Every structure is written in C-alpha cells, then in structure tokens.
Amino acid sequence: MNRFAELLDRLVLTPSRNGKLTLLTDYFRSVEDPDRGLALAAITGDLNIAAVKPAMLRALVVERMDPVLFGYSYDYVGDLAETVSLVWPQPQGHIPDHVPTLAEVVGRLQAASRSDGPRVLARLLDDASISARFAIIKLVTGGLRIGVSARLAKQALADLGQVDVAEIEELWHGLTPPYTALFAWLEGRAEKPRSAALALFRPVMLSNAVDDNDLEKLEPTDYAAEWKWDGIRVQAVCEGGVRRLYSRTGDDVSGAFPDLAAAMNFEAALDGELLVGDPREATGTFSDLQQRLNRKSVSPKIQQQYPAFMRCYDALQIDGEDLRALPFTERRKRLEAFVRTLDPGRFDLSPFVEFSDWETLERLRQAPPHPIIEGVMLKRWDSPYLAGRPKGPWFKWKRDPHTIDAVLMYAQRGHGKRSSFYSDYTFGVWSGPEGSEELVPVGKAYFGFTDEELKEIDKYVRDNTIERFGPVRSVRADRRNGLVLEVAFEGLNRSTRHKSGVAMRFPRISRLRWDKPAAEADRIETLQALLD
Amino acid sequence: MFKAMRASDLLKPRPEGLYCPPGDFFIDPVRPVGHALITHGHSDHARSGHRSVLATQETLDIMGLRCGEHFAGTTQAAALGETLDINGVAVTFHPAGHVLGSAQICVEHGGMRIVASGDYKRQKDATCLPFEPIPCDVFITEATFGLPVFRHPPDHEEIARVLKSAAQFPERSHLIGAYALGKAQRVMRLLRDAGYDRPIYIHGALAKLSEYYQNQGIDLGQLEPATVESGSKADFAGAIVVGPPSAFADRWARRFPDPISCFASGWMRIRQRAKQGGVELPLIISDHADWDELIITIKETGAEEIWVTHGREEALVRWCELEGIAARPLHLVGYEDEGD
C-alpha cells in the first residue's frame with residue numbers, strides 16, 4: 001500500500017510525461033502481482049469499488065476529533081481527502097501488526113457491504129500511514145486525478161515489456177484486473193494473452209502532417225483525398241451482439257452516445273468520425289458537437305437536438321473477415337457496399353475530394369464547403385491499415401490556422417525544465433470604446449516559441465512586472481507599452497466562462513512582434529466575427 | 001505555592017518584542033534595544049543594532065557571520081544550563097533543538113518561572129543539541145505548525161526519497177531548497193548519514209554558514225560551489241545541489257540539467273503548497289515542532305498557562321482549552337514563517 005501511495009504522491013507533482021513514465025515503469029517493475037495490477041486498474045479507472053460520499057468521510061473524522069480543530073484544518077488545506085488523511089487520529093495504543101498490501105485494502109473494500117463500508121474504511125485508515133490514508137481515500141471517493149491518462153499507463157506497460165503500445169491497446173478490453181497474464185507476457189515469462197472477448201478495440205491508423213516539401217515528392221494519382229472532419233475519431237465495433245464505440249485511444253465511449261450505439265446492428269469494425277446532425281440533411285458545427293461532449297448523462301432532448309452520427313472512413317473487419325491487410329482501394333469498395341446497408345440517419349460515407357494535381361487540391365483545401373472541415377486527408381490507394389502513425393501512407397493537410405495580434409498580460413512560471421522561466425502566457429485584445437480601450441484576456445499559450453525566444457520573453461517579463469501573485473506576474477500592458485504576440489489558433493468557440501466570451505482552440509505563439517506597438521494589436525470584434 | 005509576581009509583570013509583549021520589566025531586557029526584539037537576549041541566529045529573531053546582546057556563543061558567532069562583526073555594542077556568551085543574574089532576575093539558557101546554538105530562555109523571579117521557547121523542534125537533529133523540557137509556570141511556545149494537519153515524518157525517510165529519486169533519474173540534477181541557516185546543513189548531514197558520499201554542490205549563500213558548521217565539528221563531507229566555472233551542464237547530471245529556495249526560481253537554476261526541484265520544509269506537507277511552488281519532490285523536513293510535538297511539549301513542561309507567539313495560534317489555543325490549560329495568543333509581530 002505504501003508503494004502505491006508513494007507512486008501517487010510522485011505522479012501528482014511530476015509535470016513531465018517522461019518523468020511520469022519512468023515512475024510508472026519502475027513501479028510496475030518492482031512491485032509484485034496482484035498489487036501492481038490493481039494499481040494499474042486504479043489509474044486506468046477499471047477498479048470497481050463502492051464509492052464513499054464526502055459527507056460520510058467528514059462524519060467519520062468528526063466522530064474522532066474536535067470538530068473545531070477539524071474545521072480549522074480543513075479551511076487551511078482546502079481538500080477533504082488530504083485533510084482527513086492528515087488529521088486522522090490513530091487510536092490510542094493501536095499499533096498495526098503489518099502494513100496492508102494494496103490487494104488487502106482493495107479486497108476489504110470490495111467485500112464490504114453498503115452499511116458496513118464506513119466501518120471498514122475507518123479500520124483501514126486506523127492501520128495506515130498518512131500517505132496510505134490519502135491513497136485509500138482517493139480509491140473510495142472515486143477518481144484519482146493524478147494527471148495520468150489510461151493511455152499513458154498503457155505506454156508505461158509498453159515500455160516495461162519493450163512492445164508497441166498498440167499491442168497493449170488491442171488486448172486491453174479483453175483483460176481484467178489484476179492483469180497477471182499481461183504482466184507475465186510483458187516480463188517474457190509467458191505467451192501473449194489471447195483474448196476470447198468480443199468487440200475489442202483495434203489500434204487506430206494515424207496520419208502525419210504534410211511538411212513543406214512533401215508534396216512535390218508525391219504523385220497525385222497514388223493518393224485518394226478526403227475531407228478532414230473535425231469531430232471525434234471513433235471506431236464502431238459489433239461482434240456477436242456486443243457493441244462498442246471506442247475513442248481513438250481505445251476508451252469505450254458508447255455510454256455518451258447511446259443514440260449512435262443503438263443503431264450499431266451489424267457485424268463489423270468501422271473507422272470514422274463522430275459528428276452531430278443528420279448526414280442526409282446537414283452536418284452540425286463544432287459548437288453543436290460540443291453539446292454532446294464531456295457530459296455525464298445525455299438527456300433525450302439533447303440526443304434529439306444534436307443526434308450523433310458516424311461518417312465512415314474505413315472498414316477493418318466485416319462479417320468476421322479481417323480486412324486490414326488489404327489495400328485501401330479494396331477496403332473502400334467493401335466499405336461503400338457495407339455502409340449502404342446501414343441506417344442512413346446514423347452512418348454515411350466520407351466523400352472523396354476529386355483532384356488531378358496538388359494546386360487544385362490546395363484551392364479546395366483553402367475553401368472547404370463546411371466549417372467543421374479542418375483540411376484534407378491524403379491516403380495512398382495501396383496502403384494497408386496499419387496501427388500507429390507510419391510515415392508515408394496517410395497525410396493530413398490542414399487548413400492554415402487563424403492568427404491574431406494580442407498583447408501579453410500575465411506570465412506564469414513553467415514546470416520542470418522551465419521552472420526558472422516565465423513560460424505560460426495569458427494574452428488579451430482590445431475592447432471598449434475608442435479612447436478608453438481595455439485589454440480583455442482571450443487565451444493562454446505556452447508553446448510555439450524557440451528556446452532563444454523564451455529567454456527574450458522571460459527577460460521582458462522580469463523587466464516589466466507590475467504585480468506578482470504567487471507564480472504569476474502581471475506584465476505592463478497598456479496602449480503605449482506592451483509586447484505584441486502573434487497567436488495562431490485552430491478555431492474559436494463561444495464561452496460563458498471567459499470574460500471575453502470566446503475560447504480559442506489550440507492556441508500557440510506563432511511570432512513575437514517586438515516591432516508592433518501595443519495599441520495596434522487586434523480588437524475583440526475581430527475575434528467575434530470568426531464565431532460561427 | 002505563593003507567587004510574589006504575576007506572569008504578566010515578569011514578561012509582557014511590547015512592539016519591540018517580549019520585555020522583562022524587572023530585568024530590563026527584551027527577548028528576540030525586532031527593533032534595536034538596550035539589552036537583548038537572543039534565542040537563535042535566524043534573522044527575524046537575531047537583528048543587529050542592539051546595545052548589548054546575550055546569547056549562546058554559537059548564536060553570537062552566527063550573528064557575526066551574517067551581520068558583520070559589529071552587530072551589537074557589547075556581547076556576552078551564555079553557557080547552557082548556567083544561571084545568570086540580570087537585575088535580580090534569574091536567566092538560564094537551555095537547548096531548543098532548532099538550529100546550531102538555539103536556546104530556550106528561562107526567566108525566573110519572585111517564585112514565577114517563565115520559559116520562552118524561541119523556535120524549537122523535538123525530532124533528533126545531528127547538527128544541534130536536543131530540546132530539553134523545562135518545568136515552568138508559563139510556557140511561551142511558537143506555533144508555526146500549530147494545526148493538526150502538520151505531522152512531520154521521520155527526516156531519514158524524507159532523505160531516502162531524494163536518494164531513490166536520484167537513482168531513478170540519473171540524468172537529471174536534484175535541487176534541494178533549504179533555509180541557509182540550519183536546514184541546509186541538516187539536510188547535508190542527513191544525506192551523509194544516509195551514506196551519500198559524492199560531493200554536494202551548494203549555492204554561494206550557504207558557504208560561510210556551512211563552513212562554520214564544519215568548524216564546529218559537524219561533518220558535512222565534501223561541499224563544492226555550484227558555479228558554472230566548476231562544471232558544465234552535463235557535470236551536474238545526477239548531482240544533488242542545495243541552495244536557498246528563492247534561488248531555484250531564479251536564473252541561477254538554469255545551469256542544471258532538467259532539474260527536479262525539491263524543497264525541504266514543513267509546509268511541504270500540504271500538496272497544494274508544493275504544487276503552487278512548482279516543487280516536484282517535496283521533503284517534509286522542518287526545524288519547527290509539528291502538532292504532536294507542540295502538544296507533547298506543552299504537557300511535559302507542566303505549565304499552567306501557555307502563551308502562543310507566532311504561527312497558527314488559534315488551533316493550539318483551542319486545544320489547550322479542551323485540555324483545561326489556560327492559553328492566550330501574544331500577537332507578536334515581525335517573526336516569519338519557515339521558508340516563506
């Protein structure tokens with residue numbers, strides 16, 4: 001239990017991806033079964049433990065200590081799980097005979113009945129160290145929130161076994177905690193586990209961005225072109241009555257799209273883009289799609305207003321036949337025939353973009369027929385469906401980003417390598433009537449500049465600080481003074497959370513405009529005109 | 001027992017600090033005064049400009065190193081455990097376990113005995129003498145970590161985490177932020193006690209004090225200045241560097257390869273605090289008493305009354321009330337929180 005608690009403590013405070021991977025692989029390497037598998041399940045969200053409500057936790061602790069002292073403590077710390085882990089009084093004269101393993105903790109929690117739960121939890125907390133108490137409370141209150149995605153955990157497993165992460169993703173949904181067979185395979189002690197489970201995820205094929213000189217080396221007749229739709233890349237898999245809708249990373253998202261899942265009455269694995277609207281009439285915009293994202297439950301009204309459908313790109317399997325080794329031309333033929341048999345309100349085909357040379361395609365790319373198109377995809381006619389991001393068969397050629405000129409307003413210190421640099425920038429544009437313009441923040445960016453430029457901005461921030469709040473500095477920014485940043489972004493959404501009313505997608509610094517006077521930066525109206 | 005003296009007549013808070021009217025001296029005054037008794041060398045307690053200073057020899061030495069030779073008109077060294085008479089008031093210095101030379105000051109007059117703890121801790125520390133509980137009528141305690149959430153783990157466990165991390169990330173350097181007097185030397189000593197025998201790189205602000213500790217017989221092993229001249233970026237791979245916390249947010253820190261920022265402080269108990277400061281590896285090592293140490297010390301002194309100086313006094317006063325011990329905050333100003 002203590003090793004798991006220590007792992008959580010380190011992961012929470014480690015910002016870099018590589019640092020997290022090292023911590024995870026070291027943990028998986030040094031901890032035995034079944035503890036490591038249970039830790040893995042806790043991180044990927046696959047561990048099933050009945051939840052304890054915060055009110056119950058609070059009740060348990062004030063039975064054991066002065067409520068006023070608990071109140072002072074909670075006010076100071078601000079996080080319930082952490083406060084309880086720190087103030088939990090160890091019973092007088094109670095010396096635990098041994099530190100429980102993660103497996104014992106999980107076993108006792110899972111075996112507890114609903115009415116028994118709080119008592120079992122209290123006994124576990126009595127026996128645990130402060131860090132272990134924190135970890136136990138995190139397990140029972142649901143959601144570790146340690147900044148580690150399931151994908152990252154799988155990457156750590158891949159590093160451990162020196163295998164491709166795609167292999168792990170393909171296996172994943174057929175496995176259950178504590179993943180003993182998986183670890184045995186990764187450590188070379190057993191064969192790769194075979195999964196009998198149905199409707200498994202198949203690792204997705206991804207594309208590379210078109211670089212400056214790529215196209216002149218490519219023959220237009222070797223490639224098919226399709227629009228690049230800016231929805232959610234999904235994989236719809238139905239096998240023997242099991243239906244699953246997976247995200248690009250293999251997470252099961254069926255629950256969020258019950259309307260689409262209900263229409264999946266076939267035997268196949270299809271690759272495509274999830275969008276909203278009715279494909280026979282109109283495709284929804286990105287703002288429409290947002291109505292369906294990050295929701296815990298989807299009301300019938302929302303499902304009706306913003307119905308989900310799938311625009312199909314590829315067929316990986318149809319009626320039990322694995323098509324992945326076939327060339328794209330062949331797969332596409334099978335896909336076209338297959339999609340015709342599906343509910344036309346829920347499935348359609350991603351249309352080809354006809355072109356004879358790159359110049360024609362460039363013109364089409366610059367003026368796409370729908371706002372949710374973010375460029376074109378190029379796919380070699382002869383390419384098999386390969387997991388991962390092979391260089392050559394598939395390219396994405398995105399529409400050029402939007403840019404605006406904004407003024408640097410706040411700078412925050414970075415993390416890790418950048419902890420001595422002010423590297424996270426909040427920028428704003430002008431708003432208000434002429435003569436009394438004010439800057440209103442419109443976004444935050446922390447990359448897009450070179451190391452050399454970072455040093456220059458850092459110096460500028462230090463020389464022009466007007467106020468400090470912890471790690472954040474407020475930088476001089478008015479009509480006459482200020483650093484203008486050219487900011488590139490992919491799109492704009494309405495936002496009720498930001499004072500400016502807009503939120504940028506994927507903003508980054510594209511150029512430093514040392515030459516440009518702050519007063520000549522853009523106005524908020526320029527951004528408002530871009531809202532669809 | 002009959003007390004000829006009320007506690008509040010023997011010591012009372014004044015804007016300059018805690019004042020003893022019969023003895024005509026101040027304890028840890030924050031402004032220049034005539035006669036100052038000083039508990040330890042941290043700059044918020046040991047200020048320059050007093051006419052005369054009474055403190056342990058180590059504290060006088062440290063003040064000299066930090067403020068220059070002429071930090072006071074006259075100085076007198078107090079030997080631990082020896083009682084001095086100051087205008088009829090009996091004054092005795094006892095070890096406080098905070099930093100090298102730190103002392104509690106026991107003041108006795110007319111049957112009334114008050115002990116001013118200064119800053120103190122109860123965890124063992126190889127760089128200074130351990131705290132001695134002194135029975136008294138009134139115990140004046142600090143309360144820097146006076147909340148039940150502050151529970152300092154054993155310091156050797158914290159140091160073991162640095163060494164484990166250094167083994168896990170041999171290509172990176174570990175930067176340990178530690179207060180220049182006391183904490184830094186304790187951290188270095190803990191590293192040595194844990195078997196770390198490579199050179200420890202130190203920031204210039206630590207040099208004089210660390211040398212002083214070494215001359216006092218506290219072995220810190222081989223210390224090297226963490227200057228660019230002493231090595232290129234690659235030379236600091238795998239190195240452990242100790243410096244004042246403020247330096248790590250500064251341009252100074254850029255000479256180290258992909259540093260892991262560590263901070264040795266009792267505040268590191270609170271995750272959010274570590275996170276806000278960009279600390280990747282918090283080390284809960286403090287020279288102040290944690291909650292459990294505060295309450296056990298209060299009990300051990302047997303004091304009927306507790307005065308709380310600086311820190312989170314409300315929780316400690318509340319605890320005393322629950323235990324039936326009279327307690328009040330003194331609201332002294334001018335003392336800083338550790339590492340803030």
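Tutor: A definition before the sheet: two strands count as paired if DSSP finds at least two bridges between them. Keep in mind that this is a predicted model.

Student: OK, in what order do the strands of the open sheet in chain B run?
Tutor: The order is 1-2-3-4-5-6, with 6 strands and mixed pairing.

Student: Which strands stand at the edges?
Tutor: Those are strand 1 (12–14) and strand 6 (72–77) of chain B. Each has a single partner strand, so one side of each has no neighbour in the sheet.

Student: And how are neighbouring strands turned against each other?
Tutor: By 30° on average, direction ignored.

Student: Strands 3 and 4 of chain B, parallel or antiparallel?
Tutor: Strand 3 (residues 25–27) and strand 4 (residues 35–37) of chain B pair in the parallel sense, over 2 bridges. Ile27(B) has Leu37(B) in strand 4 as its bridge partner.

Student: Switching to chain A. Why is strand 2 described as largely enclosed?
Tutor: Because 5 of its 7 residues (223–229) are buried. Strand 2 of chain A also pairs with strand 10 (residues 373–380) of chain A, antiparallel, over 6 bridges.

Student: What stands opposite Trp227(A)?
Tutor: Val376(A), in strand 10 of chain A.

Student: Now the core. Which residues touch the most other members of the largest nonpolar one?
Tutor: Among them are Ile136(A), Ile114(B) and Leu283(B), in a core of 214 residues. Leaving out residues up to four places away in sequence, the contacts of Ile114(B) include Ala7(B), Val107(B) and Ile140(B).

Definitions and conventions. Residues numbered from 1 in each chain as written. Chains lettered and ligands numbered in written order. Predicted model: local features only at pLDDT ≥ 70, side-chain atom pairs only at ≥ 80, totals over all residues. Buried ≥ 20, exposed ≤ 12 C-beta atoms within 10 Å, placed from the backbone. Helix = DSSP H or I, 4+ residues; strand = E, 2+ residues; numbered from the N terminus. Core = buried A, V, L, I, M, F, W, Y, C linked by C-beta atoms within 7 Å. Contact = placed C-beta atoms within 7 Å. Axes fitted to C-alpha atoms, helices over the stretch in contact; angles between N-to-C directions.
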